[in-house]
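Please keep the sequence and the structure in view while I talk.

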Amino acid sequence: MKKSLILSATMLTLLLSGCTTNSSSQKESNSSSKSSTRTVKTSYFQNLSSSAKRDVKFTFKLNQDDTEDNTADPVYVVSATIKNNTNKNIKFDQSKFICVLPSNKIISDKTGTLTIKAGETKSINQLFQKMPEQGTLGDGYIEYLNSDNKLAYTNFIKGVALSSNLTDKKLVTKNQDVNTNSKFDTDSSDTSSDSDASESESMTESQAREILGKWADSNDIASFAGSTLDELVGTEDSNNGWHFTAKDGTFWLVLPNGKVALPGQ
């Protein structure tokens with residue numbers, strides 16, 4: 001009798017164990033099936049958030065082009081390597097890369113759409129051609145579509161310019177005139193208004209500060225390099241825009257058309 005009870009208990013235990021294992025296996029299978037069908041979002045670079053843009057790393061490499069006349073000054077081509085550290089697939093219109101120099105702009109010679117998957121790295125050979133030597137020393141920057149999407153200053157060190165140089169305060173200061181002039185050139189064809197501010201009218205500091213505050217709220221920005229909005233020091237520039245400077249020297253520029261230029265732009 002005891003042997004019969006022990007045998008029955010053993011069989012019941014094995015049966016329950018099998019059911020549990022099957023249930024776990026089924027859950028894992030269902031989870032795996034859901035994961036495999038989950039799609040990764042694809043976005044154009046200009047539509048990414050500011051934090052996501054910072055997770056896309058750009059490296060621009062300089063090579064002298066001996067097929068050009070280098071008698072007076074060397075002429076270069078610039079290639080790009082892009083590393084996508086976001087969790088999204090990113091698309092670029094290759095014709096929309098622009099090198100903005102103090103005296104002129106160089107437009108990409110490439111066409112077509114480039115898609116870079118999450119975690120992937122891709123290169124664009126000879127993105128810019130006929131780059132003058134004076135355009136490689138830091139007076140200028142490379143952007144995508146417009147100056148809201150700066151990728152790197154054209155400060156080539158040992159033939160390489162990295163997107164990380166956008167935070168270099170010396171380069172930010174050096175490019176103040178380039179930044180401001182380019183911003184107006186890029187936005188001149190845009191007839192829509194993003195605020196009550198008008199390019200034809202002088203903007204007061206309180207109006208500019210309000211624009212900056214609304215911009216910060218819409219982008220979920222709680223502070224400005226550790227300073228509050230009220231702690232920022234406002235200074236009007238010669239183009240009727242306003243610089244707002246934080247305690248550490250970082251500044252934001254509010255343009256007369258209501259646009260906000262970020263640090264490093």
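Predicted model: local features only at pLDDT ≥ 70, side-chain atom pairs only at ≥ 80, totals over all residues.

Residues are numbered from 1 along each chain as its sequence is written, and side-chain values use heavy atoms, with hydrogens and water left out.

Let us begin with the rings. Rings of Phe, Tyr and Trp (its six-membered ring) pair if their centres lie within 6.5 Å; planes under 30 degrees apart are called stacked, over 60 edge-to-face, and the rest tilted. Across the whole structure, a search finds 10 aromatic pairs. One of them joins F45 and Y144 edge-to-face, with 6.1 Å from centre to centre and 85° between the planes. This pair links distant parts of the chain, 99 residues apart: F45 belongs to the loop between β1 (42–44) and α2 (50–54), and Y144 to strand β9 (residues 137–144). Helices (H or I, at least four residues) and strands (E, at least two) are DSSP runs, numbered from the N terminus.

Are these two residues buried or exposed? Buried means under 20% relative accessible area, exposed over 50%, and partly exposed in between, for a 1.4 Å probe and protein chains only. F45 counts as buried because its relative accessibility is 2%, and Y144 is buried because its relative accessible area is 2%. Ring pairs also link F45, F58, F60, F92, F97 and Y144 into a cluster.

F92 brings us to the strands. Two strands pair if DSSP finds at least two bridges between them. Strand β4 (residues 89–93) pairs with β7 in the antiparallel sense, over four bridges, and F92 stands opposite L114 in β7. In a regular strand, side chains alternate between the two faces of the sheet. Strand β7 (residues 113–116) has L114 and I116 on its covered face, and T113 and T115 on the uncovered one.

Finally, the backbone. Most residues other than glycine have a negative phi. Which phi does Q126 have? The phi of Q126 is positive, about 50°, although Q126 is not a glycine. K130, also not a glycine, has a positive phi of about 60°. Q126 is found in strand β8 (residues 121–132), and K130 is found in strand β8. Q126 counts as partly exposed because its relative accessibility is 31%, whereas K130 is exposed, at 55%.
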